[in-house]
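Please keep the structure open as you read.

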Amino acid sequence: MYQDPTTTIEHLYSGTPVYRNELIGLLKCNDPYILDLLYKKADLVRQEIYGTDVYIRGLIEFTNYCKNNCYYCGIRRDNKAVVRYRLTTDHIMSCCEEGYNLGFRTFVLQGGEDGYFTSDKICHIVRSIKSAYPDCAVTLSVGEWSRSDYQAFFDAGADRYLLRHETACEEHYRKLHPSEMSLEKRKECLFNLKDIGYQIGSGFMVGSPFQTLDNLVDDIFFLAKLKPHMIGIGPFITHKDTPFSGEKSGTLDMTLKLISILRLSHPKALIPATTALGTIHPNGRELGLKAGANVVMPNLSPVDVREKYTLYDNKLSTGDEAAQSLESLKTSIANAGYEIVVDVGHSKVDK
Ligand code: SAH
């Protein structure tokens, strides 16, 4: 049955269950008046819970070695054009020191799945950061591990874990990843992380190759079941040295629509306006905030390695994406009507 998109927005806003055909109708909608209503409602919900606060996370990309071969990703194993690097613990600690002085109270350690960084090494890094900065949160984004390794990181002090499911549809997952990877494993990791007690983040790329509107609805439904504390979505962006070099990138509009839908369905979640969104449009970050996002993750990695962590072409790491430009970022965000706060910024999603 056709449902007009305005009614769907009302359903999302009031927490009434929405059906697949309603969501498809809204995802197809290009009426600027209706989309404006969607963004406004999402912003209203975000302001009810989080006011105009924007939380900042210092992103430290500590290794670009990766044993995986995801077809979309620029740091995939088979990309021989990447200059690989790893940061030492000392290096990571100096990134945190710089970040702390700038006002960051969350550090996100992200990397490829790099066998050099054993579970013990990761625990050591987490412990070092938590003992130097007990008032800060440590977020890990280091891919798939066994439940006991996740438990060890948690016991070492890690507070949060980001692991995007990438796509909730088995058939689509197969088209984005080689056969040694599995959606089932990815989901199992997410449920383990949640069970251990992490604040978890999941999400997906918008406009990844072969993605259909039905796939996006699967993603929305999967997140409704998982109930993550954080939801990270951003447009897929082509990388020239991957099997998807000839594919189109995702769009600003579709990403904004999804940010709003996810904000309405997860009022208390932390939702970043991602670097990928800032990369596809000069105003992407601010538009993401206006559509319901409430987190930004500037880059705290050492300047000389930033261009080597190229998940996709033209990835931003300078200007307002650089932690060092926080003052300028504060101004852009203030101009959009929000305020960067110095706060650990835990999620308000119930445990
Ligand atoms: N190895 C970690 C971190 C991956 S990089 C992990 O497996 O979780 C972080 C995210 O970047 C990925 O989850 C993916 O959704 C996104 N990403 C990778 N390649 C991309 C591309 N070409 N365009 C947009 N986002 C991409």
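## Phe210 and how to read the model

Helices here are DSSP runs of H or I with at least four residues, strands are runs of E with at least two, and both are numbered from the N terminus. Phe210 has a positive phi of about 70°, although it is not a glycine. As background, most residues other than glycine have a negative phi. With 46% relative accessibility, Phe210 counts as partly exposed; buried means under 20% relative accessible area, exposed means over 50%, and partly exposed lies in between, with a 1.4 Å probe and protein chains only.

A word on the source: this is a predicted model, in which local features need pLDDT of at least 70 and side-chain atom pairs count only at pLDDT 80 or more, while totals for chains, interfaces and linings use all residues. Residues are numbered from 1 along each chain as its sequence is written, and side-chain values use heavy atoms, with hydrogens and water left out.

Is Glu166 buried or exposed? Glu166 is buried, with a relative accessible area of 10%.

## Salt bridges

How many salt bridges does a search of the whole structure find? The search gives 20, where a salt bridge is a side-chain nitrogen of Lys or Arg within 4 Å of a carboxyl oxygen of Asp or Glu. Glu144 counts as buried at 13% relative accessibility, whereas Lys185 is partly exposed, with a relative accessible area of 38%.

Two other bridges are worth a look. Asp78 and Arg77 meet through their side chains at 3.7 Å, N to O; Asp78 is partly exposed at 41% relative accessible area, and Arg77 is partly exposed at 37%. The side chains of Glu286 and Arg285 meet in a salt bridge at 3.2 Å, N to O, and both of these residues are buried.

## Nonpolar cores

In soluble globular proteins, nonpolar side chains tend to be buried together. In this model the largest nonpolar core has 100 residues, and those with the most contacts inside it are Ile60, Ile129, Leu140, Tyr150, Phe153 and Tyr161. Such a core is a set of buried Ala, Val, Leu, Ile, Met, Phe, Trp, Tyr and Cys residues joined through side-chain atoms within 4.5 Å. Helix H10 (residues 252–265) supplies the largest share of this core, eight residues. A second, separate core of ten residues includes Val108, Leu162, Leu270 and Val341.

Leaving out residues up to four places away in sequence, Leu140 touches Leu109, Ile122, Val126, Phe153, Ala158, Arg160, Tyr161 and Leu162, with contact meaning heavy atoms within 4.5 Å. Leu162 belongs to strand S5 (residues 160–162). Counted in the same way, the neighbours of Leu162 are Val108, Thr139, Leu140, Ser141, Gly201, Met230 and Met297.

## Gly292 in its loop

Gly292 is located in the loop between helix H12 (284–290) and strand S8 (295–296). This glycine is buried, with a relative accessible area of 0%. Beyond its neighbours within four places in sequence, Gly292 contacts Ala42, Arg46, Ile259, Arg263 and Ile271. Gly292 and Leu38 are 254 residues apart in sequence, yet their C-alpha atoms are 9.6 Å apart in space.

## Helices H1 and H2

The axes of helix H1 (residues 5–14) and helix H2 (residues 20–28) come within 9 Å and cross at roughly 115°. Axes are lines fitted to C-alpha atoms, for helices over the stretch in contact, and angles run from 0 to 180 degrees between N-to-C directions. Pro5, Thr8, Ile9, His11 and Leu12 of H1 make the contact with Glu22, Gly25 and Leu26 of H2.
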